[in-house]
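I opened this notebook to record what I looked up in the two-chain model. The entries follow the order in which I consulted it.

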Amino acid sequence: MNAFSIGTVMCLAFLLLGCDQQKDVKKLGLVYCTETAPHTFNPQLESSINAIAVTSRHLYDRLVEVDPITQQLVGGVANNWQVSEDGLRYRFDLRQGIHFHKTDYFSPSRNLNADDVILSFERILDTEHPLYILANGDYPFFNNIGFGSNIRKLTKLSESAVEFELKRPDAAFLANLASDYAVILSAEYADKLSQSNQLGQLDQLPIGSGPFYYVNQRKDHFIRYYRHWLHWRGAPPMQQLVFDITPTSSIRLAKLLTGQCDIMAQPAANQLEVLKAREELLVSVQAGLNVSYLAFNTQKPPFADVRIRRNVAGLVNKQRIVDSVYLSTADIAEGVLSPSSWAYRHQSRSPEQDHLVYPYIEKAKQDPIELWVLNEAKSYNPQPRKTAELIRNDLVNGGYQVNVRLLDWQVLRRYLRAPEVNYDLLLVGWSTDNSDPDDFFRQQFSCDAVEQGYNFSRWCNGHFEQLLNAATASTRLADRVRNYYKIQKIIEQDVPILPLTHALKMYSYNDSVHGITWNPYGGVSFNNAYRK
Amino acid sequence: MLRYFIRRINLLVITFLIINLIAFIFQQNQNLFVKTDDFWFKQYALFVFQNINGDLGVSSISGKPVFDELVSFLPATLELCFAAFLLSFIIGIPLGTLAGIYHQHWIRNLILSVTMVGYSIPVFWLALLLVMNSSLMLGWFPVSGRYDLLLEIPQVTGFGIVDVMWLEPQARWPALMSILSHLALPTLVLAVVPTTEVIRQLSNSMAKVMSENYIKAAATKGLSKWQIVTRHALHNALPPILPSLGLQFGNVLTMAMVLEVVFAWPGIGRWLISSIYQQDYIAIQGGMLAVATLVIITFVLTDLFTALIHPLRRREVYAQH
């Protein structure tokens, strides 16, 4: 055998070895192509539900969980809980033997206990807490639902029991604790960081007790997790989980088609045909607990006037949006709540339109309207820009002048926190965090949420607030439903927003992947995913 | 040579100061700088001093120093540019030489026509065409990214091809293959313009050299065309075109930044675009300063290198001044 032949054989052997190695890595890892990178690894501080889907269910546990099939509350970190008769005290008994992650940057010396639960919530409740100050008190979800204002006391009863004492009964309290935001952090890790004066690292280099632990990331490119061997529910089958951050849906699709991704988040409706044509690709479709809507800035003329809001609302052709943007993968929204919610109130007609030409409407048409829209796809709206153009067209036909302005989510967040905001109309939406209707209403229409910048219509109504609190004060379903009906009627009459669509939630994945759980209130879980 | 070296360094320093002045003026308009009662020149001096020290500020979105982010993203872009330049030399030198030798011949016309077509095609369109055909239809190359994300390549130097050396021996080969397959398409697209430039300039330079008396003398000595080209013509035709190819670096870098968005290449272009979307002015300013400085440094270094290997260049420059 001459030197050339030996070289060829060696090269081939190398190639084959390389292929084997690559196959092994592929078999034990999953790549999920998602659209948004989280700006923090602590869901308590995050506002985008898409970004939370990358962190919460994989890295952390919660006190209680929602069973994705039965929708009932089940034990998480707490294996048992009791509610006092007056509905003011919630005692949680914690599970033993829950291990925190062991990583390059932290090795835990103890298991999860009451101190961790106390730290996780105290940082939200105690305005003097160093972690509260560090986060600038910016806990979007908890601030919007007024979590802090309703907790009288949080007490450590023993190493394995904690108690929340509320000021007034809150029927949505447990559902809020089961949301993606209510994660349990490690107090030991916080102590260690505090001693080395690196407390800021707590939210960027995460330590949780979830089924995967953080390994590394490259900003806006990828995030890598490894399986947590000691997870209390058992280690996940996949060794490695990678989130490939790909904001453009066409590139996500291309990556799925070429096998660079195993799962793709939110294919656009016009991509479904391509996906159906490939035998090896499956599409998961769920009724979306979401709503996309046009928010009127009710604190600024001309939309401070409900008559102008009604006039504009009557001009928008929702059916055309469903047909052109969603290609019929969405339902027309009559109200804020999705029809699958138990508090849904059927609304038979669109907001009343003033057909007559009143002087105030003519005046409103003289100045151009600023319509702001996000430049990225969201689960409730795959093509916000196109939707905005359709709305603009409808309004222009109605005699209004409209300027459309595209904004990045982070930039929009900055603007929304300012005391005065210059938009007239904002095309946004909401995906629910839990099954309770309170999540929809309180986060988007409460007066607290105006200050937090999540009440996009900046609408604050005293009667509405009273009804909102009354709806959570009772645990009787009939009372709650009655209050939510009234709440929906107020929104219908006052038109702070124009609900547009309820989008279907879609994912596409390779048929070699099994065991993925699609959570109706958030993202996707790969805890039991495996490859055949 | 020392005088020439000092002249070039002067050029580098002055251009750097001008770029900083432009950035400084914009910064004043954006209110990014803390207003003080100091005379503007003192503020400007402080600004330049901070930039030289790598203190480009802290990104308002990520909260990390802009310099650290640059250091982590720039190598990916440079890797792409180096690969494109390498490919442009590999393809451009033989074709440029051929076009230069066959002066006033259909071969030259053919090569230059193809070159003109290549030069005229918008890179992003070509990129999309290639992705559609060679990735999606034929499955030859990955659509985007830098390597298979399940392969864990450590970030040591930032250059993927180098960083695979830090992997375990059995993991190196698949990692290298993955990097090269991901590099193929963007390199191919990015190399189009510098290749056309190499061909065009080298063919002119070669045609000029081939008409020199010493070439004719070599031919009369009985040397073959191949021998004349490799022994005499090529190493006289190449050095004069190097400075203008150095100037091409700025072009290539700009195109690389556009292509990074198409190929989801995790380099400085994609980082800058995302900073623009997020209105992160400090990051945008730092990125622009870094890119501009890199382009000037490359130009001056190419010029010095040319002067080192081609003394005639020094004389040309002196004659210009």
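This is a predicted model: local features need pLDDT of at least 70, side-chain atom pairs count only at pLDDT 80 or more; totals for chains, interfaces and linings use all residues.

Entry 1, the contact between the chains. I looked up the interface and found 33 residues from chain B and 38 residues from chain A in contact (contact means heavy atoms within 4.5 Å). The two chains bury about 3100 Å² between them, with 55% of it on carbon and sulfur atoms; buried area is the accessible area, taken with a 1.4 Å probe, that two parts lose on being put together, summed over both. On the chain B side, Leu149(B), Leu150(B) and Glu152(B) lose the most area to chain A, together 25% of what that side buries. I noted one salt bridge between chain B and chain A, counted when a side-chain nitrogen of Lys or Arg is within 4 Å of a carboxyl oxygen of Asp or Glu. Glu152(B) forms a salt bridge with Arg224(A), and the closest N and O atoms are 3.9 Å apart.

Residues are numbered from 1 along each chain as its sequence is written, chains are lettered from A and ligands numbered from 1 in the order in which they are written, and side-chain values use heavy atoms, with hydrogens and water left out.

I recorded twelve helices and zero strands in chain B; helices (H or I, at least four residues) and strands (E, at least two) are DSSP runs, numbered from the N terminus. Its C-alpha trace spans about 75 × 55 × 40 Å along the principal axes. Of the 321 residues in chain B, 49% are buried (buried is under 20% relative accessible area, exposed over 50%, partly exposed in between, with a 1.4 Å probe and protein chains only). Among chain B contacts with a separation of 6 or more, 72% join residues 24 or more positions apart.

Leu86(B), Ile90(B), Ile91(B), Leu95(B), Leu98(B) and Tyr102(B) make a nonpolar surface patch of about 490 Å². Patches are made of residues with over 30% relative accessible area and no salt bridge, like charges being joined within 9 Å and nonpolar side chains (Val, Leu, Ile, Met, Phe, Trp, Tyr) within 5 Å. Ile91(B) lies in helix α3 (residues 66-101) of chain B and is partly exposed, with a relative accessible area of 35%.

Most residues other than glycine have a negative phi, and most peptide bonds are trans. Ala264(B), not a glycine, has a positive phi of about 45 degrees; Ala264(B) sits in the loop between α9 (225-262) and α10 (268-277) of chain B and is buried, at 6% relative accessible area. Gln279(B) also has a positive phi, near 55 degrees. Pro301(A) and Pro302(A) are joined by a cis peptide bond, with omega about 10 degrees, and Pro302(A) is in the loop between β13 (290-296) and α10 (306-315) of chain A.

Definitions and conventions. Accessible areas come from the Shrake-Rupley method with a 1.4 Å probe; for residues, only the protein chains shown count as cover.
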